[in-house]
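Biologist: I am new to this structure. Please take a close look at the part where the two chains meet, and walk me through it in one connected answer.

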Protein chains: 2
Amino acid sequence: MAGFGAATTLAALGNGRYAVSLDPDWQVAGRLNGGYLLALAGRAALTELGDAFPHPLVASAHYLAAPEVGPAELTVHVLRRGRRTAQTRVSLATTAGPCVEALVTCGQLDPTEPFFDGVPAPQLPPEDDCPRLPVEAPGFTVPLMAVVAERLDPATMAWAIGQPSGRGELRGYVRFDDGQEPDPVALLAIVDALPPATFDLGVTGWVPTLGLTCHVRATPAPGPLVVRQRARLVSGGRVDEECDVWDATGRLVATGHQFAGVRHQ
Amino acid sequence: MAGFGAATTLAALGNGRYAVSLDPDWQVAGRLNGGYLLALAGRAALTELGDAFPHPLVASAHYLAAPEVGPAELTVHVLRRGRRTAQTRVSLATTAGPCVEALVTCGQLDPTEPFFDGVPAPQLPPEDDCPRLPVEAPGFTVPLMAVVAERLDPATMAWAIGQPSGRGELRGYVRFDDGQEPDPVALLAIVDALPPATFDLGVTGWVPTLGLTCHVRATPAPGPLVVRQRARLVSGGRVDEECDVWDATGRLVATGHQFAGVRHQ
């Protein structure tokens with residue numbers, strides 16, 4: 001099992017180009033996870049910018065095509081190096097063509113306590129009382145669930161026995177299975193790691209991500225992350241979802257905003 | 001007064017390049033509004049793509065530098081033309097250099113009723129009972145308030161008399177002053193048209209946008225828009241804000257997610 005660090009290891013090719021091997025562990029039902037691809041863009045941006053801009057702050061990806069597992073190339077264009085922030089554009093392509101286009105603004109995260117927090121963390125049962133999501137789901141395989149341990153609040157899991165709550169909300173604990181602690185780049189993947197919140201609306205099936213933007217707010221403390229994924233609006237074959245991530249101290253460390261296709265009645 | 005249509009009129013220069021005159025009416029305290037610049041990127045993307053992809057679906061901008069009022073150029077790169085969606089990258093630059101980099105995914109909005117709506121519209125007093133925001137604010141000028149009529153719920157306006165509620169929420173009615181009805185491109189501007197929600201936290205001063213992503217969900221019906229802007233987290237000199245926009249029928253038509261700098265204690 002590769003682990004997140006290995007799955008996002010880049011080899012510099014010069015002129016802002018980086019080689020990567022897209023990791024089969026980060027697949028969901030035969031497709032590479034959109035958050036993993038956003039994290040690769042973040043890793044490439046930070047590598048190209050160097051130590052002056054150590055963290056991703058805002059990362060936005062638009063998805064053109066689902067890449068196959070295996071070799072791919074990332075190209076980073078530095079758009080601006082400012083005093084406090086730097087902006088990059090990152091393209092991910094395989095030999096089949098361009099797959100992801102991303103914008104990544106980087107800078108330094110601030111560890112001081114928040115001035116205002118308008119997004120309180122959800123109350124969850126103890127981690128041991130939350131069942132871990134399996135790799136083998138009915139009708140499809142989710143290799144991602146082997147590298148990311150996701151234990152969901154049973155109150156948001158009734159869709160798994162055919163009784164979706166209709167609230168469109170999933171929440172639970174998330175850790176890397178190999179014990180690695182998540183860094184700010186990992187948060188770019190975690191905001192897209194839960195199953196679609198539409199499962200809790202009785203809408204099953206693949207949810208292809210069109211756009212994903214992540215705001216990173218702090219370096220997470222060690223320990224399990226608490227993740228809540230909510231559907232905001234399902235309409236016209238598309239859904240927007242909001243994913244909030246807190247660290248083990250209850251601090252909001254990242255938020256993801258996703259726009260995806262979905263099949264509903 | 002130019003109006004939104006005139007302020008976003010582009011002149012094609014060929015090869016995906018468009019000339020525009022950045023309109024002084026869309027300034028806030030001497031800076032052009034970030035939503036206006038996102039709307040320009042959306043207009044350029046749609047113009048380049050043509051009739052097969054008539055609406056913006058997801059638009060994400062990262063801001064490099066504040067452009068001056070006057071001539072600017074937009075360059076559109078079509079990344080992909082698919083069956084249902086097309087993706088573009090749009091750069092806005094002036095003679096001083098690059099200012100905005102945006103990704104815009106376009107397609108066709110679907111007028112059918114939502115399948116699930118998890119974001120109910122706020123209850124507001126009648127429009128006539130909501131005071132219109134003035135162009136002349138204490139210490140600065142907001143020309144934007146002449147072209148966009150913003151009438152805020154008095155319950156979210158106590159910050160204007162030095163009594164912020166501490167909730168970090170503004171809400172009210174928004175119309176174009178010239179009577180023009182907003183189209184989907186206008187929504188890209190409207191999600192950044194309200195004052196910063198941080199005013200309601202007692203945090204005053206300029207809030208420079210670093211990133212703005214807009215999900216467009218429907219073509220708005222004629223009539224006033226209802227807009228709610230909320231601060232989610234203020235921490236480390238940065239804020240993320242969420243802006244929801246409903247049309248006069250109560251339908252959620254757009255959501256904006258913004259990441260901005262802010263000065264707080």
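Modeller: A:V234 has B:F116 as its bridge partner in β9(B). That pairing belongs to a strand contact that crosses from one chain to the other: strand β15 (residues 225-235) of chain A and strand β9 (residues 116-117) of chain B run antiparallel and are joined by 2 bridges. Please keep in mind that this is a predicted model.

Now the whole contact. Chain B contributes 57 residues and chain A contributes 57 residues. The size of an interface is often given as the accessible area lost when the parts come together. Here, about 5,000 Å² is buried between chain B and chain A, and carbon and sulfur atoms give 57% of that area. Three residues, B:F115, B:R217 and B:R232, together supply 16% of the area that chain B buries against chain A, more than any other three residues.

Next, the charged and polar pairs. The rule finds 8 salt bridges across the interface of chain B and chain A. In one salt bridge, the side chain of B:E242 meets that of A:R232, with 3.5 Å from N to O. Residue pairs in polar contact between chain B and chain A, with both residues at pLDDT 80 or more, number 36. On the side of chain B that touches chain A, strand β5 (residues 55-63) of chain B gives the largest share, with 6 residues. By residue type, that side of chain B divides into 24 nonpolar, 18 polar and 15 charged residues.

How do the two copies relate to each other? Chain B is superposed on chain A by a rotation of 180 degrees, with 0.0 Å of shift along its axis and an RMSD of 0.0 Å. The two copies are therefore related as by a two-fold rotation axis. The same surface serves both copies, since 100% of the contact residues of chain B recur in chain A.

Strand β1 (residues 11-14) and strand β2 (residues 17-22), both of chain A, pair in the antiparallel sense over 3 bridges. A:A11 has A:A19 as its bridge partner in β2(A). The hairpin of β1(A) and β2(A) has 2 residues between the strands, and A:N15 takes a positive phi near 55 degrees there.

Definitions and conventions: Residues numbered from 1 in each chain as written. Chains lettered and ligands numbered in written order. Predicted model: local features only at pLDDT ≥ 70, side-chain atom pairs only at ≥ 80, totals over all residues. Heavy atoms only, no water. Contact = heavy atoms within 4.5 Å. Buried area = accessible area lost by both parts, 1.4 Å probe. Salt bridge = Lys/Arg side-chain N within 4 Å of Asp/Glu carboxyl O. Polar contact = N/O pair within 3.5 Å; in protein donor to acceptor, adjacent residues only side chain to side chain. Helix = DSSP H or I, 4+ residues; strand = E, 2+ residues; numbered from the N terminus. Nonpolar A, V, L, I, M, F, W, Y, C, P; charged D, E, K, R; others polar. Pairing = 2+ DSSP bridges. Least-squares fit on C-alpha atoms with pLDDT ≥ 70 in both.
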